[in-house]
Amino acid sequence: METKIIYFTVNGRPEQAEFPVDCPAQDVKDLFRSAAEAGPHDILKLYNPKGNIINISPQLAPNSPHSCYKLEVVAADCNSEPLGTELAVALGFDLSSMEKRQGGKLGL
């Protein structure tokens, strides 16, 4: 069985992934998700040595340790949807003070 070896870094740590050339796309994505210690709702980005975003898929071009890709978790837990008050608190806004200035018309 023919395999591909992909070299990449995660948080500056060198890693490598080896998978069959006919590996299903979801398995390849799960492999990179595992390497990044990312959750199921985290967003991953893979960059080539030039800094361009490339698709995490079975079609990834094999590379060498000297031209490794860079894997990043760019957003964590994207399934949770902080809205209204939660979002304001997360961003450091004082909603009660804002509502007073707006005459209670924020509607959050």
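This is a predicted model: local features need pLDDT of at least 70, side-chain atom pairs count only at pLDDT 80 or more; totals for chains, interfaces and linings use all residues.
Trainee: Got it. How many helices and strands are there in the protein?

Mentor: Three helices and five strands. Both are DSSP runs numbered from the N terminus: helices are H or I with at least four residues, strands are E with at least two. Starting at the N terminus, you go through β-β-α-β-β-β-α-α.

Trainee: And in what order do the strands sit in the sheet?

Mentor: It's an open sheet of five strands, ordered β2-β1-β5-β3-β4, with mixed pairing.

Trainee: Which strands stand at the edges?

Mentor: β2 and β4 (53–54). Each has a single partner strand, so one side of each is left without a neighbour in the sheet.

Trainee: How do β3 and β4 pair?

Mentor: In the antiparallel sense, over two bridges. Leu 46 has Ile 54 as its bridge partner in β4.

Trainee: And which way do β1 and β5 run, parallel or antiparallel?

Mentor: Parallel, with three bridges joining them. Thr 9 has its bridge partner in β5, and that partner is Lys 70. β3 and β5, on the other hand, are antiparallel and pair over five bridges.

Trainee: Let's switch to helix α1. Which of its residues are buried?

Mentor: In α1 (residues 25–35), they are Val 28, Phe 32 and Ala 35. Buried means under 20% relative accessible area, exposed means over 50%, and partly exposed is in between (1.4 Å probe, protein chains only).

Trainee: Why do they line one face of the helix?

Mentor: Look down the axis of α1: the buried residues fall within an arc of 60 degrees, so they line one face. The arc is taken from the directions running from the helix axis to the C-beta atoms.

Trainee: What do those buried residues pack against?

Mentor: Against β1 (3–10), β2 (13–20), β3 (43–47) and β5 (69–75). A contact here means heavy atoms within 4.5 Å.

Trainee: How much of the protein is buried overall?

Mentor: Buried residues are 26% of the 108 residues. If you look at contacts with a separation of 6 or more, residues 24 or more positions apart account for 50% of them.

Trainee: Where does Ser 57 lie?

Mentor: In the loop between β4 and β5. Ser 57 counts as buried, because its relative accessibility is 8%. Leaving out residues up to four places away in sequence, Ser 57 touches Phe 19 and Val 28.

Trainee: And how far is the C-alpha of Ser 57 from that of Asp 27?

Mentor: They are separated by 8.9 Å, with the two residues 30 apart along the chain. Asp 27 is in helix α1, and at 42% relative accessibility Asp 27 counts as partly exposed.

Trainee: New topic: which residues have a positive phi without being glycine?

Mentor: Asn 11 has a phi near 55 degrees, and Glu 37 one of about 55 degrees. Most residues other than glycine have a negative phi.

Trainee: Where do they lie, and are they buried or exposed?

Mentor: Asn 11 lies in the loop between β1 and β2 and counts as exposed at 73% relative accessibility. Glu 37 lies in the loop between α1 and β3 and is exposed too, with a relative accessible area of 69%.

Trainee: Last one. How much space lies in the largest pocket?

Mentor: About 200 Å³. On a 1 Å grid over the protein atoms alone, a pocket is an open set of points where a 1.4 Å probe fits, with protein on both sides within 12 Å along at least five of seven lines; lining residues have an atom within 4 Å of a point. Grid points are joined across faces, edges and corners, and the volume is the space filled by probe spheres set on the points.

Trainee: Which element gives the most to its lining?

Mentor: β3, with four residues. α1, β3 and β4 each supply at least two. The lining includes Gln 26, Lys 29, Arg 33, Leu 46 and Ile 54.

Conventions. Residues are numbered from 1 along each chain as its sequence is written. Side-chain values use heavy atoms; hydrogens and water are left out. Two strands pair if DSSP finds at least two bridges between them.
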